[in-house]
Amino acid sequence: MPSSAYSRSEHLRSLWPWLPLWTVVALLAIFSHGPMPLYSTRTLAVAWEMWSHGHWLVPHINGQPYSDKVPLLFWMIHAGWFVFGVNDVWPRILEVIFGGAQLMLLATLARRLFPNRPWVAKGAPWMLLALGYAFLFGLQVMYEVLLAVWVLAALLTLTPKAQREEPRWLLFGLCIGAGLMTKGPVMLLHVAFPWLLGPLWNDWANRHRARWYGRGLLSVLLGGAILLAWALPAGFSGGDEYRHRLFFTQTAGRVVDAFDHARPFWWYLTMIPALLFPFSGWPRAWVALGALRRPLEPGIRFSLCWLLPVLLAFSLISGKQLYYPLPEFAGATLLLAGAIAVLREQRPRLGTTAWLGTWPLGVGGILFAVFLFVLPNLVAQNLMHGEFIDSTSQYSRFFSVVFVLLGALLLLRGRGELRRLAVAGLVGVLALNTLFTLTMWPNFDLRPAAHLLGAADAEGRAIGYVGNYEGQFHFEGRLTRPIERLTEGESIQAFARLHPDGLIITRPEKLADTDLRYPLLVQPFRSSWVVVWPASSLAAQRAGHTPAEPPHPTRLYQIDPWRFRALQ
């Protein structure tokens, strides 16, 4: 067999068994319930509005140009809709494909950066697939998982191969352009530091600095040109306000003085243990990081040149969300896997001792199982209450068995420690997602309200929303007209006068008696309620009058025991 064919065969064999395992678990999880409000429903709403109104250049939401996002993900959703028709299956399949591609790119990146440590290429994907937060967020129809694919692909083009040390600059620029078309200028933040600090980890960059920076700059300009090729015509097509927001307000507003998600400088540091769970609970990982000593290997230096500056940059940015640094989760697992590989070689006793094994997580899993088992008793005896607690207690004992088994798996010793931890982490997250589906998902399922609104929209009836509408009904209801945003007071009265047969949606924290008598529909949503009113009935109620008796009783959906008690 030729060497190239043998190499490809080896690479394909290295995907087994983590890629099939992750794919099966991801498919089970992502199709266990519908698209999640508000992240997935908002993305689907934008894709649907572009599709239904032919807005192929400028994303739209609720009748207005949507300057928050660029269109590559929407175009990829549309590509599937052209083939399979409009559905919510294809967008979720896309997210699973993106996640699998991310794992494969990480394995290839690890193989390039640690050519003398094949264990890193085998271990890093196992670690990434087991990260609980990354897995759960990967179930959302969002932009960050696709962005992570482009980030890893761009960084892969910078790494040396046995046959070629110089980066593939054209591919680097194309990947930057694809990332810019996925999430905008933040793509540069994810890839800039490994390139700018290239001489610290890449021998070719250290020997050819002029070519490294000169050609790298041309690649960045190529990526920027790809973005501008869309942004300039889109800006002129979307109008002055859209153009201003697209080029200035969105990025600057989040960096300097966030109009959304503003948090303190140190916030990301406090979130690292949760983001890296379960590996943040694995003593060997922390010991391996602490045992690193100079001179560091190129792969370790690469990871540090990537992670530390990006963490600092994101900390300096005013707007913060846990999913903003999602592409760096792969870098974190690369660093952890590299550090553990070094520890196993240089300090074999620390690399194998059971005292640094997964037993703390095993003990924690068993204690969590005990809690799930006794939870129904705690609720029955009024020792614990809450919406999540009461709902979960209905099924918690069944899931306690799962966590006992996972805890026992983590208490085992011997070879395969990382794989056991990864499997336990992946199955544990799947179990929690399933428990959520069985208990809490009805409080997030907006299909009843969306279908009612879709029928009204098809009849030509106007729809208003009291508060900030974020597109959560548009895709599921297949709405074709915008929902008017209203405020309490005269806004509701004016809407009712103009559209006496219209509908108005409210989001009360608690329900009054009239909220169960005169509306068309009432359903829980998160910790509040969605109430769909005839516009004339709500206007009369808000004006202090008694609304007309409805022809049909109010439809009341999916009330869990906790909310039922609150209604009594």
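Me: Between which two strands is the loop in which R526 lies?
Reply: R526 lies in the loop between strand 6 and strand 7, where strands (E, at least two residues) and helices (H or I, at least four residues) are DSSP runs numbered from the N terminus. This is a predicted model, in which local features need pLDDT of at least 70 and side-chain atom pairs count only at pLDDT 80 or more, while totals for chains, interfaces and linings use all residues. Residues are numbered from 1 along each chain as its sequence is written, and side-chain values use heavy atoms, with hydrogens and water left out.

Me: Why does R526 count as partly exposed?
Reply: The relative accessibility of R526 is 36%, and partly exposed is the class between buried (under 20% relative accessible area) and exposed (over 50%), with a 1.4 Å probe and protein chains only; R526 therefore counts as partly exposed.

Me: What is the phi of R526, which is not a glycine?
Reply: R526 has a positive phi of about 55 degrees, in a hairpin that has 2 residues between strand 6 and strand 7. Most residues other than glycine have a negative phi, and most peptide bonds are trans.

Me: How do you know that strand 6 and strand 7 pair?
Reply: Strand 6 (residues 521-525) and strand 7 are joined in the antiparallel sense over 5 bridges, and pairing asks for at least two bridges found by DSSP, so the two strands pair. Within this pair, P524 stands opposite W529. Strand 5 (residues 503-506) also pairs with strand 7 in the antiparallel sense, over 4 bridges, and there I505 stands opposite V532.

Me: What makes strand 7 largely enclosed by the rest of the structure?
Reply: In strand 7 (residues 528-534), 7 of the 7 residues are buried, and therefore the strand is largely enclosed.

Me: Why is N62 called buried?
Reply: N62 has a relative accessible area of 9%, so N62 is buried. N62 is found in the loop between strand 1 (60-61) and strand 2 (64-65), and N62 has a positive phi of about 55 degrees although it is not a glycine.

Me: What makes helix 5 roughly parallel to helix 8?
Reply: Helix 5 (residues 89-113) and helix 8 (residues 144-158) pack at an angle of about 25 degrees, with their axes 9 Å apart. That makes helix 5 roughly parallel to helix 8, because angles under 35 degrees count as roughly parallel, over 145 as roughly antiparallel, 65 to 115 as roughly perpendicular and the rest as oblique. The residues of helix 5 in the contact (heavy atoms within 4.5 Å) include F98, L105 and L109, and those of helix 8 include V145, V149 and L152.

Me: How do you know that helix 2 is roughly parallel to helix 22?
Reply: Helix 2 (18-30) and helix 22 (residues 417-439) pack at an angle of about 10 degrees, with their axes 10 Å apart, which makes helix 2 roughly parallel to helix 22. Here L21, W22, V25, L28 and A29 in helix 2 meet V423, L426, L430 and N433 in helix 22.

Conventions. Axes are lines fitted to C-alpha atoms, for helices over the stretch in contact, and angles run from 0 to 180 degrees between N-to-C directions.
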